[in-house]
Amino acid sequence: MPVLKNPYNLKMAGREEGSSGTLILDQESRGTNPFEEELEENERDSFLRDGPPKSGSPSPEDRSDFPRGLFDNSPEGRYRRRATLEKVVGLSSFLLGKGKKSPGRDKTPHGEKGPKRRSLLGRMMLPLLEGNQGPGKEKMRRSSEDFSLLQRFNGRRKEILYSLEWGLAEKENGGGDSAKRMSFLKMGRGGKVRRASLVEKLDRTEGLETPPVAEEAEPAKAKEPLSVLEILNLIHQRDLLTADEHIIELEAECEQDGQQSPESGEMRKDGSRKAKDVALLYEALLKELWAVQAEALAAKSAHPKLELMVHVIEQEEETDRRWLEAQGGTAEGSGARPRGLKKQWLEAVERLVGQRLGQCTEGRSGSIPALMDRLAKCAWEDLCTVRFHLLHAYPAAYEAFSVYLCSFHQGLAQRLATVVQSSMTLSDLYFVLDWNSNIYHREVLGRSEIAPLVNKVRELGPLLSPETQLSLEEDCIAAVKVKIREDMSRELQKEEEKWAQKEADDSQLSLSSKIIPVLRTHTDKAPQITVDFGRRMAQCCLTCLAEFLQSFQRKVEKFHEGQAESGLPADSYTSRTIALVNCCPPFQKYVRDLARCGHPESEGAEGQASASLDRVMQLCNRVLTTQLFQNLKPHFQKLMKRKWLNSSEAFSTIMALLSEHAQKLKRVKPEPYEMLVKDLHHGVLTDYVRPLMRVRIICTSSKMRSKMAAKLRSEAQQLQEFFAQLKSTSSWLDAAVPHLAGMIELEDMPAIQMEAGFLIKDFPDVQKKHVSALLDVRGLRNQVQRQSILAVMETLEQTEEEEEDSPCQDRVFFSRIPTSEVSCVRVKLQHLSHMGHACLSRLRWRPRQRQRRQRQLRAKENEAESQV
C-alpha cells in the first residue's frame, strides 16, 4: 500500500528551519487520506452532540475548546469545515425562516421563541442541545416546508462539498493534480458513494446511545403526528383509513389554533395554511376513495379496498356526528366540518354511473336501437356486479343496490331524453316508446338475477315524463297517418292497373292482403305500449281505412262502367269481379276489429267504411248474377207454355247453366258468396214464376191442371235441391211454387181457399192480382167462387194488419212479379152451351188505351228486370 505524502508539508519542508527533509506522517492531515474520509465526516458530525454551536466565528482563544482534529493546521480542512457548518448548521434561512424578520415574529406573547414555530432542524437540534426533556412530552408536527427542504438537502450539501474540494485542489495543486487526485479518490472509494444525510446521521447517533436502564416500566411514547406529505403518501398507498385519522387530527389542530389565538395575524396565517392543507388532503382522499369505487365496479369481482372505503365513510360520519353534538346539534354560524361523506358517496355513485353509461355512447355511431341496447346491457351487467360482488361490503342501512339502481335509472332517463331531442324516423319513434314501456323492464329490471332486489325498491317511475310520452305518441300517430295513406294509395293504383290487363293473374289480385298488413303493423304495436295509445292508433287507422274504401268503391264503379270500352272477355271479367268482391270480407272483419277498440269516434268511421263495402259487394254480385240471367232469360221465356208442359228441354238448359255458373261462384268467399247465392235464388224463382203470372197457359180440364201441378212440383224440387247444395239461406222461397201448384190442382173450393190462406201467410206481399192470375191459369171462371177465394185474402190481410209481429213481413217475393189481367165477357145466356161459355171467357176486351198502358207497364218491367 503506497504512503501518501502531504503535498503542503512537502512543499514547506525545504524552507522551514530545522527541517531534515524527511516525511513526518503523524503531522499530516487526515483530510489527505481518501480512505479516512468517511471516518472524518462521522467524527466531525459528532460535534453536533457535544453542545450547541456558538454564533459567529470562533475566536483564536476558543478554538482550543473544540475537539482535536476539528480544525487542524491544514487550511484545506479548516476552510471545508467552516463552509460545511455555514451551509448546513448555521443557515439562518433554514434555521430561523426565510426573509427579513418582522418585529415580534416567531415570538410568543411572553417574548420567547415558540417551540411550535421552530423549523425542522430547530426542533431536531433542540433536544440535542438542551438535553432530554422527558419521554412524555408531545412531539410537534413537521410542516410541509421543512419536508420539502429536507428532500432537497442531500443533493445541495453534496454539491457544495464537492465544489469546495475542487476549488481548494485547483488553488494548491493546479488543475492536473486535482484531476489526478479526484480520479484516484474515485478508484479508491469504489465509485461515487452517497453520503448519509443529516437526518440519517442523527438517527444513527441516537440509536447508538445506550438507553438508560429503568427499573420501572417506561411510559407509552406519544404518537408522533405526521406531516402533510406523509399523510399524502398514505393516501397514495391506499392506506385510506389511517390517512383519514391523521387528517381528522390535523383538522382538529387547525380548529384549536383558530380558537386559541383568533387575533394574532401570524397564527391566523398559519391556520389558513393548515386549512388549505386539510382541504387538499380531503380532496386527495376523496379522489382515491372514488377511484376505489370505480375500480370495484369495473373489476366485475370483489375489490379488497372497497370495505376500507366504507370504513372511511363511517369514520367521517361518526366525526360529523360528534362535531354536531359539540356544536349543540346545529352547524349554523360554525365551521364547515360536516363533510357529509355519505351524501358525497351518493353523488359519486351518480357520477360513476354517468361515466359508465357515457362510455357506451362516446365515440360510437349507430342507430338508436343499437345505442339503447348497449346502454341496457351495461346497466344490467353493472347491477349484477353490485348484486354479487359489491353489496356485501356495504351496511344494510346504505341500501347500496337501491342507490345504484336509482342512479342507473336516472342515467338511462337522461340518455333517453337526449335521444328524444334528435330527429327520429317512424321506426325510431316506435322503438323509443316500446323501450320506455317494455324493453327496459324486460331486459334490465325483469332479469332473474336482479328482479328480487328490484321488486323491493320503491317505485322508480317512467323513464320519460307523461308530457314527453304523449308528445311522442302524437308524433307517431301523425307519421303513421301520412305513411299508410301513401302506401294504400300506391297499392290501389297498382291494383287498378292490373284490372285492365287481359293477361293478369287473378290470384294476385288481392288488395286486402296488401292493405290490411300495412294497418295491422301499427294497430298491433300500439296497444303493447299503452292501452290509450292503442285506441288512438286504431281510430287513426280506421279513419284512413274508411277514406281508402271510398276511393276503392269509386275505382270499382269506374271499372265496371268502362267494361264495354276495355273489351275484356266474359270469363276474365267474371274473374276480376270475383277478385274484387273477395276483397270485401277481410276489410269488413278488420273494420269491426278496429271499431271494437272502444274509441268514441269509431262509430262514424265504421259506418262509412261498411257502407262503401256493401256497395262494392252489391255491385259485384249484381254483375255476376246479371251475366247469368242474361244467359237464362231466353230459356225462362219458354216456360209455362203448352210446349213446356210436354217438354223439359228449356228447364234442363236452365239447370245446366245454373250448375256451370255455380262452379265459378265457388271462388267467392263465404260472406259475399252467401249474399250472391241468396240473390241468385231469389232471381231464379222470380223468373220462374213470372211466366206463370202472365197467364201464358190456361188449363181447361182437371187432367191438365194435375199435369201442370205435377210439372211445377217437379221443377220446384230440382231448384230446391240445387240451392240447398249452394247453401242458400233463402229456403223460405221454396214453398212458393208448391203453393201455386196446389191452388191449380185442387178441385174442392174450401181446399183452394185454405191453400190460398197458406200462400198469403207464407208470402205476405202476395196481392189479389197474383191470385186472380193464378185462378185464370187454373181456368176458374165462376165469379162467385173467385170472389170467395179473394175474400179469404181480404180477411187474412186484415188479420195480419192487426198483428204487429208478423213472422213473414220481411219476406218479399210476389211484389216484384208483374201480372197480366184477363177480362172475360160476362153475358147471362141461359141457353148458351158449355163450349160457348168457354169461348166467351177466353175473349179479352182490350181497348186501345188499355193496350197502350199495358205496353208501358211491360217496358218498365223489362227495365226493372235488367237492373236486377
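Cys541 is buried, at 0% relative accessibility, where buried stands for under 20% relative accessible area, exposed for over 50% and partly exposed for anything in between, with a 1.4 Å probe and protein chains only. The model is a predicted one, in which local features need pLDDT of at least 70 and side-chain atom pairs count only at pLDDT 80 or more, while totals for chains, interfaces and linings use all residues. Residues are numbered from 1 along each chain as its sequence is written, and side-chain values rest on heavy atoms, with hydrogens and water left out.

A disulfide is a covalent bond between the sulfur atoms of two cysteines. Here the criterion is a pair of cysteine sulfur atoms within 2.5 Å, and the count by this rule comes to zero. For Cys541, the closest cysteine sulfur belongs to Cys540 and lies 5.2 Å away, too far for a bond. Cys583 is likewise buried, with 2% relative accessibility; its sulfur is 6.7 Å from the closest cysteine sulfur, that of Cys584, which is again too far for a bond.

Attention now turns to a pair of helices. Helices (H or I, at least four residues) and strands (E, at least two) are taken as DSSP runs and numbered from the N terminus. Helix H20 (residues 531–561) packs with helix H24 (residues 602–636) at an angle of about 25°, their axes being 9 Å apart. Such axes are lines fitted to C-alpha atoms, for helices over the stretch in contact, and the angles run from 0 to 180 degrees between N-to-C directions. H20 and H24 are therefore roughly parallel to each other, a label given to angles under 35 degrees. Contact (heavy atoms within 4.5 Å) involves, among others, Leu542, Ala546, Leu549 and Phe552 in H20, and Ala605, Ala609, Leu613 and Val616 in H24. By class, the contact of H20 with H24 comprises 12 nonpolar, eight polar and three charged residues.

Not counting residues up to four places away in sequence, Ile368 touches Val419, Met424, Asp428, Phe431 and Val432. Ser427 is 59 residues from Ile368 in sequence, and the two are 9.8 Å apart in space, C-alpha to C-alpha. Asp382, also found in H14, is buried with a relative accessible area of 0%. Beyond its neighbours within four places in sequence, Asp382 is in contact with Leu297, Lys300, Arg356 and Phe408.

Conventions:
Parallel < 35°, antiparallel > 145°, perpendicular 65-115°, else oblique. Nonpolar A, V, L, I, M, F, W, Y, C, P; charged D, E, K, R; others polar.
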